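Biologist: I would like to learn how to read a ligand site in a model. Can we go through one together?

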Amino acid sequence: MVIKMDYILNVKDLKKYFPVRRSFVEILKKAPERYVRAVDGISFKIKRGETLSLIGESGCGKTTAGRTILRLIEPTGGKIIFNGKDITKIPEKKLRPIRRKMQIIFQDPYASLSPKMKIGEAIAHPLLIHGLADKEEAKERALKMLKRVGLTPEEEFYERYPHHLSGGQRQRVVIARAMILKPEFIVADEAVSMIDASMRASILELLNDFKKEYNLSMLFITHDIDIGKLISDRIAVMYLGKIVEIGKVKDILNNPQHPYTKALMEAVPSIARRKRKKKVKIKGEIPNAIDIPPGCRFHPRCPFAMDICRKKEPEMVEIEPEHFAACHLLK
Ligand SMILES: Nc1ncnc2c1ncn2[C@@H]1O[C@H](COP(=O)(O)OP(=O)(O)OP(=O)(O)O)[C@@H](O)[C@H]1O
Ligand SMILES: [Mg+2]
């Protein structure tokens, strides 16, 4: 019997290039157009009910990937299959009903909420926009949702404005606003990074509860593997626009293959302490995404770089079931 995997999202060779603005002199000299290759061909799938963390240093393209998948910015190439439907190019009007099923939670709960809107209204708002409830019903559902995310007494919180709330409480409002539409898929972009460390665990728990209740699938974007490991089923490690390693959390933590993954884990004391293997230290900083090094884009920083790494881009190799890494050392 063939068991068909139920994937909510299938991303194939997704690319997002931003043109670099040329100076007046460059235009006069007819200098060639240059691009920031923020996302440079990434492929992965997310199963229904699964959370995949996208992890990597600042500037590696995580946010761009998340926003492109939701079509908040237009892809340069590749395919986005959501619920079995190719949404890469469908027009905005047809995208609208699908949008309801895919929501985003941003990093900054301060910037995500309008200062002039009562938080109860902010939570009810998506229901009204999508024509899913009248005013009275929307209010009722917003009150229930306030209670659900732990902002009680809910009638009192409904009337408050964002400036009355702490960062953690605001992020609960942002989560409530995303969840009121009963989405099937969430992109959480550094959803707990700006929140006080003491509140993080409870916000992650809230997300996890919703995940179970709604069989929600999630792309959890974070630069912090320590947070990613708490909430994910699988982890994808991104470097300069590419996924260099992907696998189940336990396999990535116990058996990392790519030197970059190993180095990222060295930087996290709680993970590094568990291992006594040879340390992998990387040098320098992530290069800019305009001049991407040839061959393996990680080679200038890799302590194991060989000749082939400077010439040939490595392909993904299967290490064990569902665990892949792209490195010439693995051949
Ligand atoms: N609208 C844009 N126009 C031009 N370049 C952009 C734009 N948005 C992002 N970039 C560039 O694309 C690259 C990836 O940026 P992105 O914000 O996706 O990275 P990130 O991994 O989310 O970083 P961080 O951890 O800091 O949030 C960076 O080089 C960034 O400068
Ligand atoms: Mg980002």
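Biologist: Which polar side-chain atom lies 2.5 Å from an oxygen atom of ligand 1?

Modeller: First, the ground rules. This is a predicted model, where local features need pLDDT of at least 70 and side-chain atom pairs count only at pLDDT 80 or more, while totals for chains, interfaces and linings use all residues. Residues are numbered from 1 along each chain as its sequence is written, chains are lettered from A and ligands numbered from 1 in the order written, and side-chain values use heavy atoms, leaving out hydrogens and water.

Modeller: A polar contact is a pair of N or O atoms within 3.5 Å. Here the side-chain atom belongs to Ser58. The backbone also takes part: an N or O atom of Gly59 is 2.8 Å from a ligand oxygen, and a polar backbone atom of Cys60 is 3.2 Å from one.

Biologist: How much of ligand 1 does the protein bury?

Modeller: Accessible areas come from the Shrake-Rupley method with a 1.4 Å probe. Ligand 1 alone exposes 630 Å², and the protein buries 60% of that.

Biologist: Which residues surround ligand 1?

Modeller: A residue is near a molecule if one of its heavy atoms lies within 4 Å of it. Among those around ligand 1 are Phe18, Val36, Glu57, Lys62 and Thr63.

Biologist: Which element supplies the largest share of that shell?

Modeller: Helices (H or I, at least four residues) and strands (E, at least two) are DSSP runs, numbered from the N terminus. Helix 2 gives the largest share, 3 residues. Strand 2 (35-47), like helix 2 (62-69), supplies at least two.

Terms used:
A polar contact is a pair of N or O atoms within 3.5 Å; within protein, one must be able to donate a hydrogen and the other to accept it, and residues adjacent in sequence count only if both atoms are side-chain atoms.
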